[in-house]
Amino acid sequence: MPNLVQNPGFEAGLAGWTATNVTPADVNPFEGTAAARLGPGIASLFQDIPIDGYKRLSFLLSFAVEAPLSFNPGDLTVQVQWLDATGTVIGIGLSLFIPSATTGTQFFWLTYVDATENAPINAKTARIIFSKAQGSGRDVLDVDKVVLLRV
């Protein structure tokens with residue numbers, strides 16, 4: 001079963017991703033040679049993934065996150081949204097809230113795995129979104145090894 005995410009380990013920088021206040025990071029990645037560094041400050045990262053052939057299925061989302069420079073990196077929200085053919089959000093497949101206190105353990109990668117709700121029949125795209133809130137000090141979060149698999 002192949003990973004549906006393009007450039008899941010950020011080995012090609014941010015290629016395939018849309019990012020605001022995100023840079024490639026090559027210090028202490030979870031896997032490979034790179035990760036995506038969100039911040040400092042408010043940051044977001046997302047990718048739209050075609051799922052037209054996978055109607056009414058659920059998906060498995062997995063990713064790794066760490067706060068390499070800060071004990072208060074900012075809260076992280078991760079969502080999988082369902083979009084129709086016009087790009088309009090028609091539902092939320094998964095929503096995770098990861099408080100800053102959870103990731104604020106320096107130099108330890110945490111891996112998250114969760115299943116989405118079934119995609120609606122008219123869903124054409126799954127959008128994976130990472131949104132980081134303002135933290136304090138050198139508030140950055142690294143994300144790596146993003147996986148979306150059909151269940």
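Buried means under 20% relative accessible area, exposed over 50%, and partly exposed in between, with a 1.4 Å probe and protein chains only. The exercises below concern a predicted model, in which local features need pLDDT of at least 70, side-chain atom pairs count only at pLDDT 80 or more, and totals for chains, interfaces and linings use all residues. Residues are numbered from 1 along each chain as its sequence is written, and side-chain values use heavy atoms, with hydrogens and water left out.

**Exercise 1. Asp144**

Task: Determine where Asp144 lies and which side chain of opposite charge is nearest to Asp144.

Solution.
Step 1. Asp144 belongs to strand 10, residues 141-150; strands (E, at least two residues) are DSSP runs, numbered from the N terminus.
Step 2. For charge, Lys and Arg count as positive and Asp and Glu as negative, while His and the chain ends are not counted. A salt bridge requires a side-chain nitrogen of Lys or Arg within 4 Å of a carboxyl oxygen of Asp or Glu.
Step 3. Asp144 is buried but has no salt bridge, and the nearest side chain of opposite charge is that of Lys145, 8.4 Å away.
Step 4. A polar atom of the Asp144 side chain lies 3.1 Å from the backbone nitrogen of Glu31.
Step 5. Contact is defined as heavy atoms within 4.5 Å. With neighbours within four places in sequence left aside, the contacts of Asp144 include Pro8, Phe10, Glu31, Phe63 and Trp109.

**Exercise 2. Salt bridges across the chain**

Task: State how many salt bridges the rule gives, and examine the pairs formed by Lys145, Arg127 and Lys124.

Solution.
Step 1. Side chains of opposite charge can pair when their charged atoms come close.
Step 2. The count by the rule is five salt bridges.
Step 3. Lys145 pairs with Glu31, with the closest N and O atoms 3.2 Å apart. This pair links distant parts of the chain: Lys145 is in strand 10 and Glu31 is in the loop between strand 2 (22-25) and strand 3 (35-38), 114 residues apart. Lys145 counts as partly exposed because its relative accessibility is 32%, and Glu31 is likewise partly exposed, at 42%.
Step 4. Arg127 and Asp48 meet in a salt bridge with an N to O distance of 2.6 Å. Here too distant parts of the chain are linked, with Arg127 in strand 9 (residues 125-132) and Asp48 in strand 4, 79 residues apart. Asp48 has a relative accessible area of 33% and is therefore partly exposed.
Step 5. In the salt bridge between Lys124 and Asp52, the closest N and O atoms are 3.1 Å apart. The pair links distant parts of the chain: Lys124 lies in the loop between strand 8 and strand 9, and Asp52 in the loop between strand 4 and strand 5 (59-66), 72 residues apart. Lys124 is partly exposed at 29%, as is Asp52 at 40%.

**Exercise 3. Ile49 and Ser58**

Task: Decide whether Ile49 is buried or exposed, and do likewise for Ser58.

Solution.
Step 1. Ile49 lies in strand 4, residues 43-50. Its relative accessible area is 2%, so Ile49 is buried.
Step 2. Beyond residues up to four places away in sequence, Ile49 touches Leu4, Val5, Lys124, Thr125, Ala126, Ile128 and Leu148.
Step 3. From C-alpha to C-alpha, Ile49 and Ala25 are 23 Å apart in space, and they are 24 residues apart in sequence.
Step 4. Ser58 is in the loop between strand 4 and strand 5. Ser58 counts as buried because its relative accessibility is 16%.
Step 5. Apart from neighbours within four places in sequence, Ser58 is in contact with residues including Thr116, Asn118 and Val151.

**Exercise 4. Backbone geometry**

Task: Identify which residues the cis peptide bond joins, and find the phi values of Asn21 and Lys145.

Solution.
Step 1. Most residues other than glycine have a negative phi, and most peptide bonds are trans.
Step 2. The cis peptide bond joins Gly39 and Pro40, with omega about 15°; Pro40 is placed in the loop between strand 3 and strand 4.
Step 3. Asn21, not a glycine, has a positive phi of about 60°. Asn21 lies in the loop between strand 1 (18-20) and strand 2, and is partly exposed at 34% relative accessible area.
Step 4. Lys145, also a residue other than glycine, has a positive phi near 50°.

Notes: Helices (H or I, at least four residues) and strands (E, at least two) are DSSP runs, numbered from the N terminus. A polar contact is a pair of N or O atoms within 3.5 Å; within protein, one must be able to donate a hydrogen and the other to accept it, and residues adjacent in sequence count only if both atoms are side-chain atoms.
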